[in-house]
Structures are given as C-alpha cells and as structure tokens.
Amino acid sequence: MPPLAGPIAATRFAALTTRQVAIFRRCARGVLLCAALLLVAACAQAPVHNPLATWVPSPNFDVRRPVLIVLHFTHQHSVQQSLDTLRTSNSSGPVSAHYLIGADGHIYQLVADTRRAWHAGAGHWGTITDVNSASIGIELDNDGQTAFAPAQIDSLLRLLTDLTTRWHIPRTQVIGHEDMAPGRKDDPGPQFPWQQLADAGFGQWPRGVLVDPPPGFSPWLALRAVGYPLQDRAATVRAFHHHFRGTDGDQLDAEDLRILDALTR
Ligand SMILES: [Zn+2]
C-alpha cells in the first residue's frame, strides 16, 4: 500500500492523536479519582500507630464490644425497600443498620456486630457521645403509623436475648432512636411496646408502686440520670412520653415525676 499523501496523513495522525489524548485524559481522571477516594478512605481511619508513642505491638487483643442497642422503625413500606435503602443511602446520605426485622418476623443482618453501622447519627445517651461506635442498630419494618406485628416483636425479643447474652450488654441498655436524639428523630414512636420489652427484661422501666417523689426532686436531673440529652427539653419530654407513657406532649405532669423517681430511685 502506497504511503498516504503528506497533508492527508498529517490530518489522520492529528485526529488519532486527539482521540488518544482524550482517552488518556479520561484514564488519568479515573486514576486520580480512585487515588482521591483511597486517600479519603485512608484519612477516615484513625492512625493505627499513634505518632506520639513508640509502637511495641502486643498479640493480646480482640474486637471491641458494643454496649448499647438502639431500636428504630424504618418509616418505609416494605422490607425490600428498606433492604435497598440500608445498603445505599437515604435523603441524608449513606445509611445502614446491623439488623432489619420484617413484619413477618424474618431477621436480616446487614452489618457484622463488631462493625460500626450508620444508624444512630448525632445525639448521645448518658456518657455515650458516639452512639454508632458503641451500639448495635436494629431496624423494624414499620411505616410509623401501624402497630408493630406480634411476630416482629417475638423475633426482636429473640434477637435481644442473643445479642445481650453474646456481647454481655446489660439488658437495660436497650433504647429507642428518639431517646438519644429527641427532636431530630421520632422512632420507634409511641406505638412501640416498651412495656412488653420490659416484661421480658429489656430496657429501663419503673418497678413497684409509683409514689410521689420527695421534696426537691428534679425531673431534669432524673432525665439526665436515665440517659436523656437535655439540649431541647420539650423534645426530650416528648421522647420520654413516647417511651414511658405511649403518648405525645411536651409538658411534664405528676405521673411523669413518679415514673422518673422510680427509674432513678
Ligand atoms: Zn431511627
């Protein structure tokens, strides 16, 4: 084949070079993006070796244990919808939970117990200021309007028995999402059967005959002692009412004080 005439060859060569350059640029952008993502992922991890100290490794360690269990409702309409959301993201960004329990009682696990799932977000409970790091999150398939199915609660009780036994989590350390994030969250809501859980030994619940608290009793100190945040007191009272009265309302009454006295006595 005869060689191409000079101007035509130059044009084809220039066109090929332009395409190659475009491909190279796309590849370079991809490589740079991957490198940036790896860097972000690396930066998100705490340094394995603290530069303040001399690293003298010991073989004697294991995984950290969760010390709290946080219950949620999905506020969605099907298990499949929630399985999709809990493996991708919602309107706020990526989310997950360790477990999801369907209305039929089927238990799904999405994150290992020893891993930090993204279910709790901002808020605190007692002295636990990073709830995701310290807790196991359990989502219940529920739209926030309908009653929780008996089969679902039966499975939850079995799972709570398993988790508190295997991880030595105190049975009282079972709370709702709204308990640690009042005002920001409203799940599992006033319909959740906290008394049924308490009868099975889970969560905090007032015991014995309720009586008026002694003079000088502070409901706010009691709420704090139970574990509630107090940044927004009206929101805290609403969360307390959902949990311990199954009602709404942001004003404390005499029965609330009796409950709080019994919880902290
Ligand atoms: Zn929640």
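The buried residues of H8 pack against E7, helix H5 (177-180), helix H6 (194-199), H7 and helix H9 (254-264). Here helices (H or I, at least four residues) and strands (E, at least two) are DSSP runs numbered from the N terminus. A residue is termed buried if 20 or more other C-beta atoms lie within 10 Å of its own, exposed if 12 or fewer, and partly exposed in between, with C-beta atoms placed from the backbone. The model is predicted: local features need pLDDT of at least 70 and side-chain atom pairs count only at pLDDT 80 or more, whereas totals for chains, interfaces and linings use all residues. Residues are numbered from 1 along each chain as its sequence is written.

H8 is mostly covered, nine of its twelve residues being buried. Among these are Ala235, Val237, Ala239, Phe240 and Phe244, together with Arg238, His242 and His243. The end C-alpha atoms of H8 are 16 Å apart, which agrees with the 16 Å that its twelve residues should span at 1.5 Å a residue; the expected span is 1.5 Å times one less than the number of residues. Just after H8, Gly246 takes a positive phi of about 70°.

Pro229 is located in the loop that joins helix H7 (219-226) to helix H8 (233-244). Pro229 counts as buried because 23 other C-beta atoms lie within 10 Å. Beyond its neighbours within four places in sequence, Pro229 is in contact (C-beta atoms, placed from the backbone, within 7 Å) with Gly123, His124, Pro182 and Thr236. A separation of 6.6 Å is found between the C-alpha atoms of Pro229 and Met180, which are 49 residues apart along the chain.

Met180 also belongs to the largest nonpolar core, which has 28 residues; with Leu68, Ile69, Val70, Val131, Ile138 and Leu140, Met180 touches the most other members. Such a core is a set of buried Ala, Val, Leu, Ile, Met, Phe, Trp, Tyr and Cys residues joined through C-beta atoms within 7 Å. At least two residues of this core come from each of strand E1 (68-73), strand E4 (99-101), helix H3 (131-134), strand E6 (135-140), helix H4 (150-166) and strand E7 (174-176). E1 gives the most, with five residues. A second, separate core of eleven residues includes Leu223, Ala235, Ile259 and Leu260.

Overall, the chain has nine helices and seven strands, and 28% of its 265 residues count as buried. Of the contacts in the chain with a separation of 6 or more, 66% are between residues 24 or more positions apart.

Terms used
Contact = placed C-beta atoms within 7 Å.
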